[in-house]
Amino acid sequence: MKEDLYVYDTLCMIFRDGRWGDRALASVREQSRAFVTNAVYGILDRNITFDYIISALTVKKPKNQVCILLKMGLYYIDYMDSVPDYAAVDRIVECAARVGKREVKGFINAVLRKYIDVGVAYPKDGAERISVATSTPLWLVKKFIEQYGEEQCERFLSVTKFTKQHIRPNLRMLCLDELYSYLDKHHIDYIKTDNGCFVDWGRNFYDLFDKGLITIQSRTSMACCESAQVKDGMRVLDMCSAPGGKAIYLSELADISIKCCDNKEHRVHLIESYAERMKSRGLDCVVADATVYHKGLGKFDIVLCDVPCSGFGVAKSKPDIYLRRKESDISALSAIQSKILSNASGYVKDGGRIIYSTCTILREENEDIVARFVEQSDDFKLISEKKYLPDGKGTDGFYIAVMEKSL
């Protein structure tokens, strides 16, 4: 089937060429995109589990392209209920021939049929069991167990992917009740939240989105903005702003001016494009590196530091994060995060606040960074901090800390 070839080609771009999933999927034809997207992200989500199964079924690890075909087969067997197991094997064997891998047809057939007939036993104890069962890197599972305990670690790593999108109204143009009324009028199912709703994203929302009446924004991202408690007349600095969702939401919560910075021109253009769609006011977007102090920016009532991070809090929706992040990345990220937070302190007015946030749940990128900053600072105190763990019901892993500068 053509769809199988698209799945294979997309996975090659991800595993072999190092592309992120969303970019690799951009070239897939529209009529095949739903199937291919589900299969690709499904395979990425179970990648570590599939690696374990393949190692248990083979004497020597196969080459990359053969592993991709085997992972496709394992996914089709375990997760495509509409396709009988042996028909799934036949599809992968045919796909192997069509992508120039005729010489491994027999090998693929044998491995997948062995899996159907015999299966593979998972590890029974400890971190390795959780790693294989939840398809999470072993080094990361060990860190999570150390920081949260085995029971809680397994709980949040085992949550299923939440497929609904959280949308909110553009508060300059539409109130929450008006959004609910619109959805009711058009018989669109939704789940209410405090500041938006969860929906099955699709064509029902394209017109509202294009007109800037609604946007997609996670509950945790909105909570980060709300923790700033912005008031009319405040000056706000968003140091790592792209694509601009937090700055734009802040601009709707009060009549404020916001300086939006990012370190690449094309990323600043993303903010400007987002602001234009949402008809936002009060945003001034500039290219500026968050690790470098720019005296000309001035002083602000609120400085938002939504810093670059490992992203482990959103790995369920972006499973290729586990492919890209290594244990050695954490110390490098922590150094950057500390530098940005330290730099942010120079922009805060007396009595002003820093909002520090990440979409990860590792202490090294969150509590440790903030505690060290406050300990080494004579001017700042920690007002509040909150960590969200993935719950499989629409809440991502996220961390928010609020620090205040003394008068």
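Visitor: What volume does the second largest pocket have?
Guide: About 210 Å³. Keep in mind that this is a predicted model.

Visitor: Which residues are closest to the centre of that pocket?
Guide: Lys60, Lys61, Pro62, Lys63 and Phe107. The second largest pocket is lined by 14 residues.

Visitor: Which helices supply at least two residues of its lining?
Guide: Helix α5 does, and so does α7, residues 105–118.

Visitor: How does the lining of the second largest pocket divide by class?
Guide: It has seven nonpolar, two polar and five charged residues.

Visitor: Back to α5. At what angle do α4 and α5 pack?
Guide: About 105°. Helix α4 covers residues 47–57, and α5 covers residues 64–79. Their axes are 10 Å apart. Angles of 65 to 115 degrees count as roughly perpendicular, so α4 and α5 are roughly perpendicular to each other.

Visitor: Which residues make the contact?
Guide: From α4, they are Asn47, Phe50, Asp51, Ile53 and Ile54. From α5, they are Cys67, Leu70, Lys71, Leu74, Tyr75, Asp78 and Tyr79. By class, the contact of α4 with α5 has eight nonpolar, one polar and three charged residues.

Visitor: New topic. How many cavities of 30 Å³ or more are there?
Guide: Two. The largest cavity has a volume of about 140 Å³.

Visitor: Which residues are closest to the centre of the largest cavity?
Guide: Thr136, Leu157, Ala315, Lys316 and Tyr322. They belong to a lining of 16 residues. Helix α3, residues 30–45, supplies at least two of the lining residues, and α10 also supplies at least two. The lining of the largest cavity divides into ten nonpolar, four polar and two charged residues.

Visitor: And how much space lies in the second largest cavity?
Guide: About 50 Å³.

Visitor: Which residues line the second largest cavity?
Guide: Leu237, Met239, Cys261, Ala288, Asp289, Ala290, Val292, His294, Leu297, Asn343 and Tyr347. Eight of the lining residues are nonpolar, two are polar and one is charged.

Visitor: Okay, Lys259 next. Where is it found?
Guide: In strand β6, residues 257–262.

Visitor: Is Lys259 buried or exposed?
Guide: Buried. Its relative accessibility is 16%, and buried means under 20%.

Visitor: What does Lys259 touch?
Guide: Leaving out residues up to four places away in sequence, Lys259 touches Val236, Leu237, Asp238, Asp284, Val286, Leu297 and Phe300. Leu237 and Leu297 also line the second largest cavity.

Visitor: What comes just after α9?
Guide: Gly149, with a positive phi of about 90°.

Visitor: Which residues other than glycine have a positive phi?
Guide: Gln229 is one of them, with phi near 50°. Lys279 is another, with phi near 55°. Most residues other than glycine have a negative phi.

Visitor: Where are those two?
Guide: Gln229 is in the loop between α13 (219–226) and β5. Lys279 is in the loop between α15 (265–277) and β7 (283–287).

Visitor: How accessible are they?
Guide: Gln229 is partly exposed, with a relative accessible area of 49%. Lys279 is also partly exposed, at 48%.

Visitor: Which peptide bond is cis?
Guide: The one from Ala242 to Pro243, with omega near 5°. Pro243 sits in the loop between β5 (235–238) and α14 (245–253).

Visitor: Last stop, Glu404. Where is it?
Guide: In strand β11, residues 398–405.

Visitor: How far apart are Glu404 and Lys349?
Guide: They are 55 residues apart in sequence. In space they are 9.6 Å apart, C-alpha to C-alpha.

Visitor: What does Glu404 touch?
Guide: Not counting residues up to four places away in sequence, Glu404 touches Gly351, Gly352, Arg353, Asp379, Phe380, Lys381 and Ile383.

Definitions and conventions:
Residues numbered from 1 in each chain as written. Predicted model: local features only at pLDDT ≥ 70, side-chain atom pairs only at ≥ 80, totals over all residues. Heavy atoms only, no water. Axes fitted to C-alpha atoms, helices over the stretch in contact; angles between N-to-C directions. Helix = DSSP H or I, 4+ residues; strand = E, 2+ residues; numbered from the N terminus. Parallel < 35°, antiparallel > 145°, perpendicular 65-115°, else oblique. Contact = heavy atoms within 4.5 Å. Nonpolar A, V, L, I, M, F, W, Y, C, P; charged D, E, K, R; others polar. Buried < 20%, exposed > 50% of the residue type's maximum accessible area, 1.4 Å probe, protein only. 1 Å grid on protein atoms, 1.4 Å probe; cavity = no way out; pocket = protein on both sides within 12 Å on 5 of 7 lines; lining within 4 Å. Points joined across faces, edges and corners; volume = space filled by probe spheres on them.
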